[in-house]
Amino acid sequence: MTMDVLTIVKVIGALGAVIALWYKIYEFRFNKKSRLREEYKFSKNFLSDINECKLHPYAIEIGYQAIAGTEIVKPNEIEYILSLENPAQCLKDYILSRQLMEKLETKGNLSLKFKKKYIKNWSRKWRKGMYFSLYMVFAFIALSPVIVSKYINIEFSKTFALLVISLPFGGIYAWAALNAHSKIKRGEHLMTNQKQHTQRVVIE
């Protein structure tokens, strides 16, 4: 009887978790659609005003930063990124990989370049391999109590207690390694888009 009650509680808990997850996914998708509509309206009006030379330099700077969603990117950088093919994706790539790039000049032929240590293809390859390996190691550490418990008879309470320790520790480092790997991948994707870009933006 006790086992039946425990089973029912677990099933109810699992169903509740699934329903909560489904609701969060639905909410995220709905909010994303609304956000994209708002971004479209804002960018359309903002870029139209720029073309008609209606805006003060301060408004231009704030407007570009609003499009980027961050203040760390300069207006001339955003303006150049928006001139590339697939500008929305390129802007996301640049924001993530900006630390790997040389400072963009404010006049002349604008062009993105990797910093010296990332220029060579092999230099980026071994770094990506290293970061991915570290991600796998720390991801395993994060979930190790659950994985090991399948092969060794460990009580659920002990597994949960170990998971409370391993998940935050391994999870943080796994995320950091994956993020570092993604920065290089995004930077390479951005450089590929730039090579396909025939028009050069020249600021006098």
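Q: Is Ile147 buried, exposed or partly exposed?
A: This is a predicted model, where local features need pLDDT of at least 70, side-chain atom pairs count only at pLDDT 80 or more, and totals for chains, interfaces and linings use all residues. Residues are numbered from 1 along each chain as its sequence is written, and side-chain values use heavy atoms, without hydrogens and water. Buried means under 20% relative accessible area, exposed over 50%, and partly exposed in between (1.4 Å probe, protein chains only). Ile147 has 31% relative accessibility, so Ile147 counts as partly exposed.

Q: Which helix holds Ile147?
A: Helices are DSSP runs of H or I with at least four residues, numbered from the N terminus. Ile147 is found in helix 6.

Q: Is Arg124 buried or exposed?
A: Arg124 lies in helix 6, residues 121-149. Its relative accessibility is 11%, so Arg124 counts as buried.

Q: Which residues is Arg124 in contact with, leaving aside its neighbours within four places in sequence?
A: Contact means heavy atoms within 4.5 Å. On that basis the partners of Arg124 are Phe114, Tyr118, Ile119, Ile184 and Glu188.

Q: Is Leu91 buried or exposed?
A: Leu91 sits in helix 4, residues 87-97. Its relative accessible area is 7%, and therefore Leu91 is buried.

Q: How far apart in space are Leu91 and Ile81, C-alpha to C-alpha?
A: Ile81 is among the residues in contact with Leu91, as are Ile67, Ala68, Ile78 and Leu82, leaving aside neighbours within four places in sequence. Leu91 and Ile81 are ten residues apart in sequence, and their C-alpha separation is 6.0 Å.

How values were computed: Helix = DSSP H or I, 4+ residues; strand = E, 2+ residues; numbered from the N terminus.
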